[in-house]
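Please find below some notes on the model, arranged as numbered points.

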Amino acid sequence: MLILAFESSCDETACAVVDMGGGKREILSNKVASQISIHKLYGGVVPEIASRAHTEAISGLTREAFAESGVSMPDIEAVAVTNAPGLIGALLVGVNFAKGIAAANGKPLVPVNHIRGHVAANYLAHKDLEPPFTAFVASGGHTSIINVKGYTDFETIGATRDDAAGEAFDKVARLLGMPYPGGAEMDALAKEGDPDAVHFPSAAGFPDTLDFSFSGLKTAVINHIHNLDQKGEPLPRADICASFTKAVCGSIVKRLSEALDLTGSDKLVIAGGVSANSHLRLALSELAEKRGVGLYMPPLGLCGDNGAMIGAQGYYEYLAGNTASSGLNAYATKR
Ligand code: KG4
Ligand code: ZN
């Protein structure tokens, strides 16, 4: 089944064509127009600029996605689009564009939750992966542990109470003078530092929950930097990156270990921009090996926002009958 998919929840405009079903989980095209170079100037995503940039990019990107896939509109069986959560103005660009294409061509319209989409990136990479499993989604806007009972049956069992994991990476990176978004650069610099140089607190401190809180950890890094600053000492940037990364990875390993105890799952699936972090991938490989569970991670190219993941989840939403009318709305918060 050929699906045309759109994603515009944050700072990447994305359009993809995927072929799902009948034993197939294939990406025919997956075009992403990143706005990072624009938002970098402001040190973070500016919502109004994001909406305008999506509007400028989406038509051309759709033409490119069709050209690369070798497929044309009549072959498409459904149009999938991210409609929550995300920046409302940004989401509305994709939702309205998808609505127009679906209505003009008489195709079903399938709304897709962005977090479910991130999880589904793994179906494209691991052809044998099926629910149930325990999933961890960590990106610039979300940090959730999910008991995935079926393709469209999700139960969130842990989440962040403040900053998202990616947001914490980006904020610490900014303190260390790195450009937005700093996650990937911190990943590289952490390899040159000593993870035991500074002891930063855990982000998994709440007892009896699977929740995270990254704000205390972020404040500890700020205080550490201010202390060094006041003493006129140079900033050991690599050591701070390595020590912060160790605290983040340790917190995630702790929570996912507890989550696996709770769900009894034999499969752990990770997704989202932060799942590209090499230190986290290594730490979770060790956890999975120790516990004897299968670990599923997207290839680096499918960790961040893209349209193919929305198409993959859109297929399962379509099978479940989760289609929408042209009255479909977008929602900034999780639904
Ligand atoms: O999933 P994504 O592309 O967009 C959202 O849905 O937010 O995730 C972007 C986030 C950013 O915060 C970025 O710094 C982080 O993922 N990120 C990383 C790495 N690559 C991207 N964080 C840590 N290590 C990385 N290698
Ligand atoms: Zn995302």
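1. Domain bounds, as used in this note, come from an automatic or database domain assignment. With those bounds, domain 1 (2–123 + 303–319) and domain 2 (131–300) each supply at least three residues to the shell around ligand 1.

2. This is a predicted model, in which local features need pLDDT of at least 70 and side-chain atom pairs count only at pLDDT 80 or more, whereas totals for chains, interfaces and linings use all residues. Residues are numbered from 1 along each chain as its sequence is written, chains are lettered from A and ligands numbered from 1 in the order in which they are written, and side-chain values use heavy atoms, with hydrogens and water left out.

3. Ligand 1 is surrounded by 18 residues, of which the closest are Gly140, Asp170, Asp187, Gly273 and Asn277; a residue counts here if one of its heavy atoms lies within 4 Å of the molecule. By class, the shell holds 5 nonpolar, 10 polar and 3 charged residues, where Ala, Val, Leu, Ile, Met, Phe, Trp, Tyr, Cys and Pro count as nonpolar, Asp, Glu, Lys and Arg as charged, and the others, Gly among them, as polar.

4. Which polar backbone atom is 3.0 Å from an oxygen atom of ligand 1? That atom belongs to Gly273, while a backbone N or O atom of Gly183 lies 3.2 Å from an oxygen atom of the ligand, and a polar side-chain atom of Asp305 is likewise placed 3.2 Å from a ligand oxygen. The elements that give two or more residues to the shell around ligand 1 are helix 4 (114–125), helix 5 (165–175) and helix 6 (183–190); helices are DSSP runs of H or I with at least four residues, strands are runs of E with at least two, and both are numbered from the N terminus.

5. Two cis peptide bonds deserve a look in the model: the one from Pro131 to Pro132 has omega near 5 degrees, and the one from Tyr180 to Pro181 has omega near -15 degrees. Pro132 belongs to the loop between helix 4 and strand 6 (133–138), and Pro181 to the loop between helix 5 and helix 6.

6. Asp208, although not a glycine, has a positive phi of about 60 degrees, and its place is in the loop between helix 6 and helix 7 (215–230). Most residues other than glycine have a negative phi, and most peptide bonds are trans.

Technical notes
Polar contact = N/O pair within 3.5 Å; in protein donor to acceptor, adjacent residues only side chain to side chain.
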